[in-house]
Amino acid sequence: MPEISPISFSSSFSFGYGAVSPAHMAETLKNAGISILPLTDEMTFAGLHEALKAARTNDLHLLAGIRCSLSPAANLLFYPDDRSGFSSLNRSVSLFHRLKIEKCSVLPEISRWLRLNGRGRIIISGPVALDATEQLLSTGWQCFLAIQPGFSLQAQSQIIDFAGRLSISPIIAPDLLLAGKADVNLIRLVRSIRTGSLLSDIPLLVAQSPGDLSRCLELAKRFPNAARANLQFARQPTWIPEEGPLHMPEFFPTRAESCTMLRSLALSGLKRRYNSITPEIQSRFENELQVIANLGFADYFLVVNDITSKARELGHRVLGRGSAANSLISYVLDFTQVDPIKHQLYFERFLNSARKSPPDIDLDFSWRIRDQIYEHLLQRWGEEKVAMISTHISLRGRAALRETGKALGIKKADLDAATSLVGHSSLAEFLSDPARQSRYNLPAERLETLKPLFGLASQIEGLPVHFSIHAGGIVIAPGSIYDFTPTMPSSKVLPITQLEMHGIEKFGLVKLDLLSQRSLGVYSDLVKHREISPATINDSDENKPYQPPSDPEVIEKDPLVANALAKGLTMGVFYIESPGMRGLLEKLACNNYKGLIAASSIIRPGVAESGMMQEYIRRHHHPDGWKPLHPAMGSLLADTHGVMVYQEDVMKVAHHIAGFTLAEADMLRRAMSGKERDPNRMQETRTRFIEGAAAHGTDIKTAGEIWRQISSFCGYAFCKAHSASYAVLSLELLWLKLHFPGQFMAAVINNGGGFYGTQAYISESLRLGLQIRPPDINQSSMEFTCSDNTLLTGLKFITGLQLKTIDKILSQRLVRKFSSVADFAGRIQPAADELDALINSGAMSCFGSQASIRWHIKLSPGNSLFCEENPSLPPLAAQADTRERLILSEMRSLGFSVSGHPLEIFRRPEGVCNAEKLRQMAERRVKVFGLLIAAKSVTTSRGERMKFLTLEDQTGLIEVVMFPAAWNRNQLPFSHSSVLEITGRVKLDQGAITVHGETIKLHESTI
C-alpha cells in the first residue's frame, strides 16, 4: 500500500454531492495499488451494500463511515468500530434527519441528535469543526484532527498545536470525490442539478484523484506522525453488519413458544377449512409445520397472522399471493384462499428443507386501509423495530436528458425535441440504435446541436438522486432496526430505511410485502361495507346474498359468469380486464377456473413471446392434434394440454420423470431462474436430470429434448399458485359485476379504476344499461353512488374543488338543502374558481342552465351572490345548455363526460365502421373512429417497435394492432384520450376481432 491512503469518499449515494459509483471508485483504487475503499457519504449509509459488493469484487478493504458537512471546508467523519457504535451512529443519523437539522445549525444543535455509544472514531476536519471538539471527545469515541492538502501552512501548524494540547492524534485525511480528472464536469453537473443552477455558474472543482496522492505525500514528509496515523486508521476495520445470517422478527422470546402458538392457530384453521381431515391432509399439515419449525420461520408466520388478523378486524379482506399459496399452513391461517391439496400445489415451491432464503408471503390489502396497517405495526412493534423499505430513485432516460438540458440552458423546444427522440428507452439504447435516431428525420444541424446534451446526460444516467418508498416492503427487526441501517422520515407513520431492498436482504433482515390493491377496495366497498343492494337489472330476487360464493368452482357454474368470461366481457375486473387478456379469454372461450388460471399465466411476456401461448391455444381447440413428448407429460400436464405453463410444471416433470425430490426440483427451478442462473450449476443439473430420467426408463434422446424444453422455458415460467390466488378474486369480482353492475361500476371508479381511465368505465356502465348523472350539490355524496340502476357522480371528482369545501357542502346539506345560487354561495362561500368548476360540472344545474347561473352571478347587485334578490335575466339566459357544450364543460371540469360520449364533439368521418359491426367485416378493409383508452408498445424479437391500441366508440371497443412497418409510418404525438381515425383490415382470430392498422389520423374537437 502507498505511504498514504484515502480514508474518505463521497460517492454517488451522497445524492447530489458525489457522482462516482462505489464500483467505479473501487476499480480505480485497485488499479492505483490502493487496498482501501473508503465510503463517507453525507449523513447516509444508503450506498453501504453497493460499496461492500464493490470492495469484495476488487479485493479491497471497506472503510465505512458517515460524513456530516458543516461548511465547504469543514466536516465531521464518523467511523463505527463495533456493533454498538454502528447502531448508535445509525440512531444519531436517523434523529438528525427526523429533526431536519440544517447544515448551518449542526454545531449549535449537535447535542440534540448526536448520541454515540460503543466504540468508534471521529475525524474533525476544518477550522469550524474544531469548535465541536470538546463535545465530540465526551462521546467516548477516539477523535482525530485532520490535516488536509488544501489547508494553509499556518492552519496546518495550528491544528498540530491544538491536537497536542488536547492529546489528540493529528491525521492526514485524503478525501476522494473524483475517480479521475475526467469526472470534474460530471460533479459540476450533479451540483448544478441539485442547486438548480446553470452548469456555467458552477466553478471548476479542485479535487484530488485517487491515483494522485502527491500533495498528501508532501504532507507526510512534514508530518510523519500524522502519516503513520493515516495508515493505522486505514488498516483498522470499521464494523458493518455481517451478510448471510437471517434475523427474524421475534414474536415470542423462544422458538419453542412460537412453534407451539403457530401449531395451535393452524390446527384451529385446519378444522375450520376441512369438514373431514384425511390422512393426506394431516400428513401435509405435519410436514409443513415441521419444515417451518426446522427453518426457524414460525415467528414470520405469526407476524403475518397478526397483520392479516388486524385487516379482518378492520372489516377488510386480505389476498395472500405468490408462492405462499402453495402452502397448506397459509391456507388454514387464511393468508390465501386456494386449497393447495385440491389444486395439487407443491409446498416445496414455497419452502423446503434445502432452502436458505427466507419465506416470501406477499399480502394484498385494500389501498384504503394500508395506513391503518402501518399504524398497527408501529403500535405493535414500536419505531425502534419496524420501518418501510426504501428505494433509491435514479435518473433514467428522459429524466437524465431533461435535467442535463436545464443545466446547459438549452431551450425548452430543443429539449422537448430531444426527449421525444428518446421516448421511454434508456439513453444507452437510443445512442446504440442509429435507426431509432434517424427515424424522426431531424435536420443534421439540429442533431449536431444535441450531441453534447446526449453525451453528458448519458454519463449521469442511473445516478441515484433521492429516496422513495418501496412498493410494499416492510421490515421488522428482531432487536433494533438501527443495528442494520439508519432511517429517514416519510409521509407515512413509519420511517423508511436508508438501505434499499437488496441491502436489507443481504444483511439478513426479512422483507414483508404489504401491497395495496384497488380491486380489494372494490370488493370491500361492495361486500364488507354492504353497499350493494339486492335489486339488479338481471335479477330482482330480494333474497340475493350480499357476498359472492367463495368457491371458484361454484362461481364458474353461474351461466352469467361463464358467458362473460368466454366472451372477454371483463372490463373493470381485476387481473383480466386488459385488452390482451380479454382477447385471450375470447380466443380460448374460457369459461372455468382452471382455464382462467392457465390464461393468466400464458399471457405473461416470456410464455407469449416463446410461441407457447399460440401452441396452447391451438391444442386447446384441437385436443387430439398433439402428442406428448413423454407419456408422463401427457398426464402430468393434462390441464395445460401438455404445455409447461407454470414453475410447478417444471417441478412435476423433474420429480416424476427424473426422480428428483420435490425439494431438488425446486432447487432446479431456482437454478434456472434469471437471477440465479449459473452455467456450471446448469451443466451439473443437466447431467443429473439426464441420468435420472434414463434410470426411470426414458431414452437419452427424449431426456435431452425434455431438458432443452425445461431450460428454455424455466427462465420465464410463472408460479401457478399466484395465478390461482388472483383468479379467485377475479371470479368473485366478475360475479359481483354481473349481479350488481351499478354498485360494481361505482366502486371501480371510486377506487381509482384499473387498467383504464374513468371515461372508459363510464362508457362500460352505459353498455351495461346503467344511467349516469352529473354531480349535484343537493344529492351527490363524496364518491359515485348507485340507486335504481343510476350512477350519481361524486363531488370529489370535480377538478379544483377542495376537500374542505366538499366537507362543508355535505355538512351544510344535513341542515337543509340549498335553495338557490345565493343560498349556496352564502353558506359555503366557495372560491371563484371552485364556483366555476361546480357550474361547469353540472353540479348546480338544479338551479337552471349554466348560462342562467352565470348571468345570475354577473347581474347580482354589487356582483354579490349573498343577496337573495333574483336579478332580471336577459333572454339569452333562458337558453338551455346544448348537449355538446355540456360534454365539453364536463370534460374540462371532471376529466370525463356523463351527458354524452366525447366523440359527439368531433366531426365523424364518412364511411366509419362502428365497433359493433366489426365482426361482420372480417378480412375487409375498414375505417374506425374512436377515443383512445389504452396503448401498449412492444419490441419484437427483431428489435422493432409495434403498438397495440384500444379505442372505444359509442357502440363498443376496438382493438387495433399496428405492426412495425405501419407503426413506423404513423408515429403521431397522440396521448391518452386522443381521438383517432384508423384504417386497416379486420382480422378474426379464434373468435377475437382486431383491426390490423395501416394509417392513423389524429382528430381535433369541432367545438
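1. Ground rules. The model is predicted, so local features need pLDDT of at least 70 and side-chain atom pairs count only at pLDDT 80 or more, while totals for chains, interfaces and linings use all residues. Residues are numbered from 1 along each chain as its sequence is written, and side-chain values use heavy atoms, with hydrogens and water left out.

2. Start with helix H7, residues 184-195. (Helices are DSSP runs of H or I with at least four residues, strands are runs of E with at least two, and both are numbered from the N terminus.) H7 has 12 residues and reaches 17 Å from its first C-alpha to its last, close to the expected 16 Å; that expected span is 1.5 Å times one less than the number of residues. Its buried residues include Val-184, Leu-186 and Ile-187, and also Arg-188 and Arg-191. Buried means under 20% relative accessible area, exposed over 50%, and partly exposed in between, using a 1.4 Å probe and protein chains only. After H7 comes Gly-196, with a positive phi near 75°.

3. Now look at helix H29, residues 647-658. Its end C-alpha atoms are 16 Å apart, which agrees with the span its 12 residues should have. H29 is mostly covered, with 10 of its 12 residues buried; among them are Glu-648, Asp-649 and Lys-652. Just after H29, Gly-659 has a positive phi of about 75°.

4. How do H10 and H12 pack? Helix H10 (residues 255-273) and helix H12 (residues 298-313) meet at an angle of about 50°, their axes 9 Å apart. Axes are lines fitted to C-alpha atoms over the stretch in contact, and angles run from 0 to 180 degrees between N-to-C directions. The two helices are therefore oblique: under 35 degrees counts as roughly parallel, over 145 as roughly antiparallel, 65 to 115 as roughly perpendicular, and the rest as oblique. Residues in contact (heavy atoms within 4.5 Å) include Met-261 and Leu-265 in H10, and Phe-301 and Leu-302 in H12.

5. Next, the sheet. Seven strands form an open sheet with mixed pairing, in the order S9-S10-S15-S12-S11-S14-S13. S9 and S13 stand at the edges with a single partner strand each, so one side of each has no neighbour in the sheet. Strands pair if DSSP finds at least two bridges between them; S11 and S14 pair in the parallel sense over two bridges. Ser-390 has Glu-500 in S14 as its bridge partner.

6. Finally, Asp-833 sits in helix H38. Asp-833 counts as exposed because its relative accessibility is 54%.
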